[in-house]
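Open your viewer and keep the selection tool at hand. We will go from stop to stop.

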Amino acid sequence: MASGLSCPPRAIPIAIDASGAAGSLATPQAYAGLAQIPHRGPQAALTVAGTVSGWDEALKVSRELTGKSLPLTRLLEDAIGYAAGGIPVTASQASATADKFSELRDQPGFAETFLVDGQPPKAGSRFLQPALANTLRRLTEDGLDSFYRGPLAEQLARGMEKYGLPVTLSDLQQHRARRPQPLRLAHQHGELWNLAPPTQGLVSLAILGITDRLAMADADDAMTVHRIVEATKLAFGLRDAHITDPRHLDVDIQSLLTPAALQPLAENIGRPAGGPVGRGQRPGRHRMDGGYR
């Protein structure tokens, strides 16, 4: 869980954002000469892994709301068992590994983690992950925060340095999950909530907010699809213009979900012509100043 919402009874949902920022070594100079960030290899793994901090924050929320939480040994027991004892290789895993074999076989760590004697595993064979099991055991012993601060973090940082990742021990140590204010949409069927940037919660809420103003119940199938597609394009435009590292936002994202902001967008959806699909920017792109873009 890198991000998520917890919904206490009769209360505002609690948002947990554990998204990791780009590593401090992910600078323009480090990617000089490249047309884009690589899809594979050490330079592609340029953000702090935030999921474990999200687990930790979720446990804190549980304790705050209920006064208790299950121990880590129980929460991770099944995962450790499956990683250590193995699980059956599914047909899709076997197929995907074979399809990506030539592309990934020389990437650091891929062969020892996902291959068997240097070849893709066969469907139905047993898939073992002893290193993952060991890491999870250490988390139960030292606590989830040890992934970012402590001997485990230091070991992870040495590995990242060895393989040339732009994430450092200092980046791990500075990372912490946050509890930002969740985004809210007033919809005809009730209040809808989602996560703030750097997630795309704005996009899903904007789509719902725009279509909520288009009398969808009166549209036939073709018009329904047309309106949803056009609303999605407009929401992607908001994404391209505004979603970034929370430290670099240039607008109050909640203000983009008000009736005054959504109504003009809904009025832009005509029939039957379609609009452009934004500027072609993909979600989750990263800036070269240590943040997101």
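Is Ala-215 buried, partly exposed or exposed? Ala-215 is partly exposed, because its relative accessible area is 44% (buried means under 20%, exposed over 50%, partly exposed in between, with a 1.4 Å probe and protein chains only).

Before you go on, note that this is a predicted model, in which local features need pLDDT of at least 70, side-chain atom pairs count only at pLDDT 80 or more, and totals for chains, interfaces and linings use all residues. Residues are numbered from 1 along each chain as its sequence is written, and side-chain values use heavy atoms, with hydrogens and water left out.

**Stop 1**

Helices (H or I, at least four residues) and strands (E, at least two) are DSSP runs, numbered from the N terminus. Ala-215 is not a glycine, yet its phi is positive, about 50°. Most residues other than glycine have a negative phi, and most peptide bonds are trans.

Now select Asp-117. Its phi is also positive, about 55°, and it is not a glycine. Look for it in the loop between helix 6 (110–114) and strand 4 (126–127). Asp-117 counts as exposed, because its relative accessibility is 77%.

Next, select Pro-197 and Pro-198. A cis peptide bond joins them, with omega about 15°. Pro-198 lies in the loop between strand 6 (190–194) and helix 10 (201–211).

**Stop 2: two crossing helices**

Show helix 10 and helix 12 (residues 259–267). Their axes come within 9 Å and cross at roughly 65°. Axes are lines fitted to C-alpha atoms, for helices over the stretch in contact, and angles run from 0 to 180 degrees between N-to-C directions. Helix 10 is therefore roughly perpendicular to helix 12 (65 to 115 degrees).

Which residues meet here? Ala-206, Gly-209 and Ile-210 of helix 10 meet Leu-262, Leu-265 and Ala-266 of helix 12. Contact means heavy atoms within 4.5 Å.

**Stop 3: the two sides of helix 12**

Select Leu-262, Leu-265 and Ala-266 again. They are the buried residues of helix 12. Look down the axis: the buried residues fall within an arc of 100°, so they line one face of helix 12. That arc is taken from the directions from the helix axis to the C-beta atoms.

What covers these buried residues? The cover includes strand 5 (183–187), helix 10 and helix 11.

Finally, turn to the face away from the buried side. The exposed residues there are Ala-260 and Glu-267.

Methods. Parallel < 35°, antiparallel > 145°, perpendicular 65-115°, else oblique.
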